[in-house]
Amino acid sequence: MVSRPGRPKAENPKTMEVKARIDKKTNEKLINYCEKHNVSRTDIVRKGISLVLGETEVE
(Lines give C-alpha, C1' and ligand atoms only; values in the text may rest on other atoms or scores of the structure.)
Protein backbone atom coordinates (compact mmCIF):
# COMPACT_ATOMS: atom_id res chain seq x y z
CA MET A 1 0.00 0.00 0.00
CA VAL A 2 1.38 3.41 -0.96
CA SER A 3 1.21 6.13 1.68
CA ARG A 4 -0.70 9.24 0.71
CA PRO A 5 0.97 12.65 0.88
CA GLY A 6 -0.24 15.28 3.31
CA ARG A 7 -0.72 15.70 7.01
CA PRO A 8 -1.68 12.73 9.16
CA LYS A 9 -5.19 12.67 10.57
CA ALA A 10 -5.53 14.26 14.00
CA GLU A 11 -6.56 12.07 16.93
CA ASN A 12 -9.08 14.64 18.13
CA PRO A 13 -9.86 16.95 15.18
CA LYS A 14 -11.27 20.35 16.06
CA THR A 15 -14.32 20.52 13.81
CA MET A 16 -16.74 22.47 15.99
CA GLU A 17 -16.93 26.23 15.60
CA VAL A 18 -18.02 28.71 18.28
CA LYS A 19 -18.85 32.33 17.55
CA ALA A 20 -19.39 35.10 20.09
CA ARG A 21 -19.87 38.84 19.95
CA ILE A 22 -17.75 41.00 22.24
CA ASP A 23 -17.48 44.76 22.67
CA LYS A 24 -14.58 46.80 21.35
CA LYS A 25 -12.93 47.26 24.76
CA THR A 26 -12.96 43.53 25.49
CA ASN A 27 -11.54 42.80 22.05
CA GLU A 28 -8.70 45.26 22.60
CA LYS A 29 -7.89 43.64 25.95
CA LEU A 30 -7.94 40.22 24.31
CA ILE A 31 -5.64 41.29 21.47
CA ASN A 32 -3.21 42.93 23.92
CA TYR A 33 -3.14 39.81 26.09
CA CYS A 34 -2.53 37.58 23.08
CA GLU A 35 0.32 39.75 21.81
CA LYS A 36 1.91 39.98 25.26
CA HIS A 37 1.75 36.22 25.90
CA ASN A 38 2.26 35.11 22.27
CA VAL A 39 -0.93 33.02 22.12
CA SER A 40 -3.87 32.96 19.73
CA ARG A 41 -7.38 34.16 20.52
CA THR A 42 -8.58 30.60 19.96
CA ASP A 43 -6.16 29.29 22.59
CA ILE A 44 -7.49 31.83 25.09
CA VAL A 45 -11.11 30.87 24.36
CA ARG A 46 -10.29 27.16 24.84
CA LYS A 47 -8.46 27.92 28.08
CA GLY A 48 -11.37 30.04 29.32
CA ILE A 49 -13.84 27.24 28.61
CA SER A 50 -11.64 24.77 30.49
CA LEU A 51 -11.38 27.13 33.46
CA VAL A 52 -15.15 27.57 33.61
CA LEU A 53 -15.71 23.81 33.41
CA GLY A 54 -13.07 23.16 36.08
CA GLU A 55 -10.71 21.25 33.82
CA THR A 56 -7.01 21.50 34.52
CA GLU A 57 -5.46 20.82 31.13
CA VAL A 58 -6.06 22.35 27.67
CA GLU A 59 -5.00 20.60 24.45
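Colleague: What does a side-chain oxygen of Asp23 reach at the start of α1?
Modeller: The oxygen of Asp23 comes to within 3.1 Å of the backbone nitrogen of Lys25. Keep in mind that this is a predicted model, in which local features need pLDDT of at least 70, side-chain atom pairs count only at pLDDT 80 or more, and totals for chains, interfaces and linings use all residues. Residues are numbered from 1 along each chain as its sequence is written, and side-chain values use heavy atoms, with hydrogens and water left out.

Colleague: OK, and how many residues has α1, and what follows it?
Modeller: Helix α1 has 14 residues and spans 20 Å from its first C-alpha to its last, close to the 20 Å expected at 1.5 Å a residue, where the expected span is 1.5 Å times one less than the number of residues. After α1 comes Asn38, which has a positive phi of about 55 degrees although it is not a glycine.

Colleague: Where is Asn38 placed, and is it buried or exposed?
Modeller: Asn38 sits in the loop between α1 (24-37) and α2. Asn38 counts as exposed because its relative accessibility is 71% (buried is under 20%, exposed over 50%, partly exposed in between, with a 1.4 Å probe and protein chains only).

Colleague: Stepping back, how many helices and strands does the chain have?
Modeller: The chain has two helices and zero strands, where helices are DSSP runs of H or I with at least four residues and strands are E runs of at least two. Of the 59 residues in the chain, 5% are buried.

Colleague: Now salt bridges: how many does the structure hold, and which residue pairs with Arg46?
Modeller: There is one salt bridge in the structure, with Arg46 joined to Asp43 and the closest N and O atoms 3.7 Å apart; a salt bridge needs a side-chain nitrogen of Lys or Arg within 4 Å of a carboxyl oxygen of Asp or Glu.

Colleague: How many residues apart are Arg46 and Asp43?
Modeller: Arg46 and Asp43 lie three residues apart in helix α2, about one turn of the helix. With a relative accessibility of 29%, Arg46 is partly exposed, and Asp43 is partly exposed at 35%.

Colleague: What else is in α2, say at Leu53, and what comes just after α2?
Modeller: Leu53 belongs to helix α2 (residues 41-53), and it is exposed, with a relative accessible area of 58%. Just after α2, Gly54 has a positive phi of about 80 degrees. The helix α2 itself has 13 residues and reaches 19 Å from first C-alpha to last, close to the 18 Å expected at 1.5 Å a residue.

Notes. Polar contact = N/O pair within 3.5 Å; in protein donor to acceptor, adjacent residues only side chain to side chain.
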